[in-house]
Every structure is written in structure tokens, then in C-alpha cells.
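Thanks, everyone. I will take the structure on the screen one part at a time, starting inside one chain and ending at the interface.

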Number of protein chains: 2
Amino acid sequence: MSVDFNTVATEFCNFYYQQFDSDRTQLGNLYRDQSMLTFETSQLQGAKDIVEKLASLPFQKVAHRISTLDAQPASPSGDILVMVTGELLIDEEQNAQRYSQVFHLIPDGSSYYVFNDIFRLNYS
Amino acid sequence: MSVDFNTVATEFCNFYYQQFDSDRTQLGNLYRDQSMLTFETSQLQGAKDIVEKLASLPFQKVAHRISTLDAQPASPSGDILVMVTGELLIDEEQNAQRYSQVFHLIPDGSSYYVFNDIFRLNYS
């Protein structure tokens, strides 16, 4: 039986942000060679370059808080699209920054990998 | 020759918001029976239900302003994923509301239709 796409999307995002906030150098397993990341104005392709980019971000402590999470099936073969809006707390800053992020997840055996990943801070 | 995905994404979003802001009852051509819309907490499927939802939104005048637009190829067959962050000005309100929106566009002959559409206001 296939798992509900909302459950997959929620569990994926919870795992992703927990891993990002505890040790983002370990996120490589969630990407493949063909995966793409747009992080603000930077564009990366491939698990290795994507993780190098994430690891190089200029902060030590980081915490993501999800505000909204919406998922939809994105293909007949089980792809899932997720859009997250949330807040990011960096190092000792008092004020959270709002962000928006989209993940396109592709099934891979009993798991999923990230094919598309677009991240933007919401400037106000 | 295929058109660059960034160009397609930009032209699509410009057309979409221009049409939305001038007469959103005419957006049906951009959706198909299998298309999905998540608009805040509402979930709709199919061009007819989607356009009815958009037409029923409780405002007369509306203007979208794009702040950021990021696109990626989403499949070998030419699908495109676009994430927009922007501002929405409604009726006579003085303050714009920030929003995030994602479109998954699928090629259809020389054009594209919207397969996935997720829209959220960014509450602060």
C-alpha cells in the first residue's frame, strides 16, 4: 500500500530540517547526481556540490521552524511536490527570518530523494 | 530548439499574474482536468473547480508584484518548476501582503499547462 503523500511530505521535511539543524554535512544521502538546488541566487547540481554549498553557509547554529507545509502528488509515478514557509533562527540573532522552500521528491525504492530544491528568504 | 526554462517560467508568471489581476475568470485555459490547486487551506482539482475558486475570492481589485522568481527543469520531458515570492495588493488596502507560490508546468504542444499550483500568504 502506498503511503499518503501528505505523510511522506511531512516526515521528509521534519527529517530534513532536523538533519540540517544538527549536522547539515550529512544531507548528501537525500540528493542524487541530477538533483538541483537553488539557494538564494546560487545554483548547484549534484549531491556533492549541493552539500558543499550547504556546509559552507556562514552560520554555526541554525534552527528551522515550519509555519505552513502543503503537498501535492506531482506525477503518476509517485513524485511529490512540497512547499514550506517557515522561520529560520541563525546563531545568536533575536529575530527569525522568514523563508520559502519547495522540494520535488522522487520515489526511490522504499524512500525518496530530492530532485528539485528551491530556497528563498522572504525580504520585507 | 527548446526555449530556456527561465524564459518560459518568467513569461508564464508574467502572463498568469497579468491575467489574474485583469480578469481571473479567464485562467481556466492554463489548467487541465488533472490539475491541482492548493490555495491557503483549500484544495481543488480540475480547471473548472480551480477557476470557480479563484473567481470566488472576496476581492475586486488585485495586483501581484513578483519579488523573486526561481525556476528549475523538473523532468526529462520538459516539465518546469517555478517558485515565486511576491506581494499582493488587494482592493483599497494600503499594505501589501507577502505570498509564496509554486507552479509545476507541463509542456503541451507549443505551450504549457499548470499541473501543480500551491499558494500561501506569508503571515508575520
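I start with one residue pair: in β6(A), Met36(A) has Asn116(A) as its bridge partner. That pair belongs to the contact between β1 (residues 31-39) and β6 (residues 111-121) of chain A, which run parallel and are joined by five bridges.

Some ground rules. This is a predicted model, where local features need pLDDT of at least 70 and side-chain atom pairs count only at pLDDT 80 or more, while totals for chains, interfaces and linings use all residues. Residues are numbered from 1 along each chain as its sequence is written, chains are lettered from A and ligands numbered from 1 in the order in which they are written, and side-chain values use heavy atoms, with hydrogens and water left out.

Helices (H or I, at least four residues) and strands (E, at least two) are DSSP runs, numbered from the N terminus. Two strands pair if DSSP finds at least two bridges between them.

Now the whole sheet of chain A. Six strands form an open sheet with mixed pairing, in the order β2-β1-β6-β5-β4-β3. At its edges are β2 (42-45) and β3 (62-73) of chain A, each of which pairs on one side only. From one strand to the next the twist averages 20°; axes here are lines fitted to C-alpha atoms, for helices over the stretch in contact, and angles run from 0 to 180 degrees between N-to-C directions.

Next, the helices. Helix α1 (residues 5-23) of chain A lies across β1, β3, β4 (80-90), β5 (97-108) and β6 of chain A, at about 160° to β3(A). Helix α2 (residues 47-55) of chain A also packs on the sheet, where it touches β1 and β2 of chain A and makes about 35° with the direction of β1(A). Contact means heavy atoms within 4.5 Å.

What about salt bridges, meaning a side-chain nitrogen of Lys or Arg within 4 Å of a carboxyl oxygen of Asp or Glu? Over all chains, the search finds 12. One of them links Arg65(A) and Glu87(A), with the closest N and O atoms 3.1 Å apart. Arg65(A) lies in β3 and Glu87(A) in β4 of chain A, so this pair ties together parts 22 residues apart in sequence.

Chain B has an open sheet of six strands too, with the order β2-β1-β6-β5-β4-β3 and mixed pairing. Its edge strands, β2 (42-45) and β3 (62-73) of chain B, each have a single partner strand, so one side of each is left without a neighbour in the sheet.

Last, the interface: how many residues does each chain bring to the contact? Chain A gives 29 residues and chain B gives 29 residues. The area buried between them is about 2,300 Å², with 60% from carbon and sulfur atoms; buried area is the accessible area (1.4 Å probe) that two parts lose on being put together, summed over both. Two salt bridges cross this interface, including Arg120(B) with Asp70(A), whose closest N and O atoms are 2.6 Å apart. On the side of chain A that touches chain B, the elements giving two or more residues are β1, β3, β4, β5 and β6 of chain A. The largest share, six residues, comes from β6(A).
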